[in-house]
Amino acid sequence: MKILAIGSRYWESYPDLMRYMAILIQDAVEAHPDDKTMTFVHSGSIGAENMVTEYVGKVHKLLKSNGYKIKEELIRDRSEGIEESLILSDIDFALVFGKSYRTNKCVAYLELYGIPYRFIA
């Protein structure tokens, strides 16, 4: 399963990010028990996306001990249209953290392409 994590650069709530990531992982495990790989796609921007890297580092050993593989795929494209590039990287689901011009643009693309997402304000 490939999950896009995108967020406002002003997102500061690591506890909220951890809670939503844990819920997403649990839902993914229950919905797709045979899919043992979770890849989090993001651009490594400050704010929520930077926190994803920290979270993945913390849960890696736990998931590995349960037979799962958790990875990150960084797309460091800073050009105009990066949001669409991220969405077209074959993602299955998206987590959108915070409200900003960038996250609004991303939500519009997610809806255009029919990709399920969860918006966390």
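Buried means under 20% relative accessible area, exposed means over 50%, and partly exposed falls in between, using a 1.4 Å probe and protein chains only. Keep that in mind.

This is a predicted model, where local features need pLDDT of at least 70, side-chain atom pairs count only at pLDDT 80 or more, and totals for chains, interfaces and linings use all residues. Residues are numbered from 1 along each chain as its sequence is written, and side-chain values use heavy atoms, leaving out hydrogens and water.

Start with the loop between H3 and S4, which holds aspartate 90. Helices (H or I, at least four residues) and strands (E, at least two) are DSSP runs, numbered from the N terminus. Aspartate 90 is exposed, because its relative accessible area is 59%. Its phi is near 65 degrees, a positive value in a residue other than glycine. Most residues other than glycine have a negative phi.

Serine 89 sits in that loop too, between helix H3 (82-87) and strand S4 (93-97). Is serine 89 buried or exposed? Buried, because its relative accessibility is 14%.

Now salt bridges: a side-chain nitrogen of Lys or Arg within 4 Å of a carboxyl oxygen of Asp or Glu. The count is four. One of them joins glutamate 73 to lysine 2, at 3.1 Å, N to O.

Next, arginine 102 bridges to glutamate 49, the closest N and O atoms being 2.6 Å apart.
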